[in-house]
Amino acid sequence: MARDAARRRRERRGRARRGAAGIHRSHHRSRAAGQGTPGRQSAVAERGRCCGGESRRHEVIADVACRARRDPARARPPRRQAARARMSVADAALAARVEGWIDSAGRSPEDVLRTAQSVLSAGFDPANVLIVVDDAALEDTSEMIAAAESIGVGILHADAPLLNARLAESTAEFLFVIRWGVVLADLLPKVVGFHDRFPAVALTYGDSVSEAGHPLLRPLFSPIRLRSNDYLGPVVTSRIDELRAIGGFRSEARRAQLLDLALRAGAAGWEIALNPAVLATEDLAPGDFAGTSAAQNAVVSAHLAEIGVDAAVDEIKPFIRRVRYAIVDAPLVSIVIPTRGGAASIAGTDRVLVVEAIKGIVERSTYPNVEFVVVADRETPDSVVEQLEQLCGDKLRLVLWDAPFNFSAKMNRGAVAASGEYLLLLNDDVEVVTDDWIETLLGLAQQEGVGIVGAQLYFEDSTVQHAGQVYTGGVAGHAAFGWAGGRDDAIKSMATDHEVSGVTAACALIRRDVYFEVGGFTRELPGNYNDVDLNMKVRSSGRSAVFSPWARLYHFESKSRDPRILESDLTTLQSRWSRRMQVELYSRMM
């Protein structure tokens, strides 16, 4: 019923917007207002799309992100001006629709004052700007109160009942929470114009730049990532009517109210969207303060318990968490490996690839309920088959392949022969690094809305080969390709489970029924791009692709190799998916 009520509110807003000739219409038509358009993303967002289709919102957000890449924005702190600056009639109408709350936890009065002045310069009515203070975070709030009084803005204490009381009396449509940094002067037309264009969107966040001018590009809404890292950035905006309907802020989430709201909103079916426009300048090195990181950990643990997910939340570093999902019912996992029984020299030692790969799994992996489905070419040496039988015992299912090479067809045959609830698609030239790699992949694959999960793969020299796939210009590549170990982006993508455009089939876990539902691998892609096509089919079914940096393997594939890509492979891929592969919207900084 709550979801139906929210839907009706969004429909009324849409009708009102289409029929309105408001005094602030010039803002809606401005260039800035057109810079943000959401794509409905991940499992919730893509639900309902047909295979090969694309929502208009997703197309526009891709176009905006592409233009931003070609001409990166450089934010400059807005010039200071009096709090009661003269506003035009149009600006006054726009300002009446918004309220701004500035978080002060762990920040100096001077820093908060700088943020507040930028908010006022962006066109907020000072009567609707409040600095949120938390007595638990500051020993003495007198300086913060004095700073607020000096520029004519109010003070709001961080107790949830007081926050909700303010929401109840507010006449604004949108609540802007400014957590840190300096907002841009055109913040309001960018964000309000975005919401007006897409009235179904209930909560938004956007890009920013560092103080040195480096762009900080955030992904499409990623609920799995949000559990590991609050990546939403310095400016988050919510429709106040939706915020009231969900119950406002909660006392038990003190110091992590916004993360708690975003988690609850995602679970409640809110449409949460990236606005791919630069909204603020921020400091890249904020420290932990007032127990905020611990509060976030507690909020995530409580949220998972509320939605019935059994998981342990481990803090990796302040604000970065690893969520270890408990495995439900210990399902059988069928590890499907195609092979010719070939050998190669690895680290100066000759080895039979498939034998060493399976030996490593048998000896190191901690998940016991597996079977090995080996799809072997007829020319596979008998000695290799004998070694596999010795390693696997009754867990081996040997499938003969006696036809021209077609990777897709081989994997489909293996999937048919498999009896497991999950298929672990695996190349024969891999070596396990983390013992719990199967549990890691399986725990994610069992989460609601997740369709396929991939691992972090390393080249022989320990540089990164794969951290998810990136799709741009109608072709596919790998995120973090060639990165040295320990390198990361500004939103910690190499330390968090997160949604991606796709994952390589060199190591990917998918439910067997989902695999057959989407048609498995496409036989018309015998050598290349078959995994890209599989990922796109999974995502078009309304499910997400997820990458985990905690499942790690070596993949002994030379970085310098030049694989032949048939023109027919590329043509087939682009005829199916080119429209949806023009701009990367998940791994935007990798």
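Arginine 250 and aspartate 260 are joined by a salt bridge in which the closest N and O atoms are 2.9 Å apart; a salt bridge is a side-chain nitrogen of Lys or Arg within 4 Å of a carboxyl oxygen of Asp or Glu. The pair links distant parts of the chain, with arginine 250 in the loop between helix H11 (240-245) and helix H12 (257-267) and aspartate 260 in helix H12, ten residues apart. Helices (H or I, at least four residues) and strands (E, at least two) are DSSP runs, numbered from the N terminus. Both arginine 250 and aspartate 260 are buried, where buried means under 20% relative accessible area, exposed over 50%, and partly exposed in between (1.4 Å probe, protein chains only). Salt bridges with shared partners connect Arg250, Glu252, Asp260, Arg264 and Glu306 into one network.

The model is predicted, so local features need pLDDT of at least 70 and side-chain atom pairs count only at pLDDT 80 or more, while totals for chains, interfaces and linings use all residues. Residues are numbered from 1 along each chain as its sequence is written, and side-chain values use heavy atoms, with hydrogens and water left out.

The confidence of the prediction is described by pLDDT, which is the predictor's confidence in each residue, from 0 to 100. The chain has a mean pLDDT of 87, and 82% of its residues reach 70 or more. The pLDDT is below 50 over residues 16-54, a stretch that has 108 contacts in the model beyond near neighbours in sequence; contact means heavy atoms within 4.5 Å. Over residues 72-88 the pLDDT is also below 50, and this stretch has 30 contacts beyond near neighbours in sequence.

Salt bridges also occur elsewhere, and by the rule given above their count comes to 31. Arginine 97 takes part in one with glutamate 173, at 2.6 Å from N to O. This pair links distant parts of the chain: arginine 97 is in the loop between helix H5 (89-95) and strand E1 (98-103), and glutamate 173 is in the loop between helix H8 (160-169) and strand E4 (174-178), 76 residues apart. Arginine 97 has a relative accessible area of 5% and is therefore buried, whereas glutamate 173, at 28%, is partly exposed. The side chain of arginine 97 also meets that of aspartate 196 in a salt bridge of 2.7 Å, N to O. Because aspartate 196 lies in helix H9 (residues 187-197) and arginine 97 in the loop between H5 and E1, the pair ties together parts that are 99 residues apart in sequence. Aspartate 196 is buried, with a relative accessible area of 8%.

Helix H8 contains arginine 166, which counts as buried at 17% relative accessibility. Not counting residues up to four places away in sequence, arginine 166 touches Glu99, Trp101, Ala127, Asn128, Leu130 and Leu156.

Burial extends along a whole helix in the case of H17 (residues 437-445): nine of its nine residues are buried, so this helix is largely enclosed by the rest of the structure. Its buried residues include Trp437, Glu439 and Leu442.

Serine 501 lies in the loop between strand E23 (498-500) and strand E24 (507-511). With 5% relative accessibility, serine 501 counts as buried. Not counting residues up to four places away in sequence, serine 501 touches several residues, among them Gln469, Tyr471, Asn535 and Glu584. A polar contact of 2.9 Å joins the side chains of serine 501 and glutamate 584. A polar contact is a pair of N or O atoms within 3.5 Å; within protein, one must be able to donate a hydrogen and the other to accept it, and residues adjacent in sequence count only if both atoms are side-chain atoms.

Across the whole structure, a search finds ten aromatic pairs: rings of Phe, Tyr and Trp (its six-membered ring) pair if their centres lie within 6.5 Å, and planes under 30 degrees apart count as stacked, over 60 as edge-to-face and the rest as tilted. Phenylalanine 194 and phenylalanine 198 form an edge-to-face pair, 6.1 Å centre to centre with 65 degrees between the planes. Phenylalanine 194 is buried at 0% relative accessibility, and phenylalanine 198 is buried at 12%.
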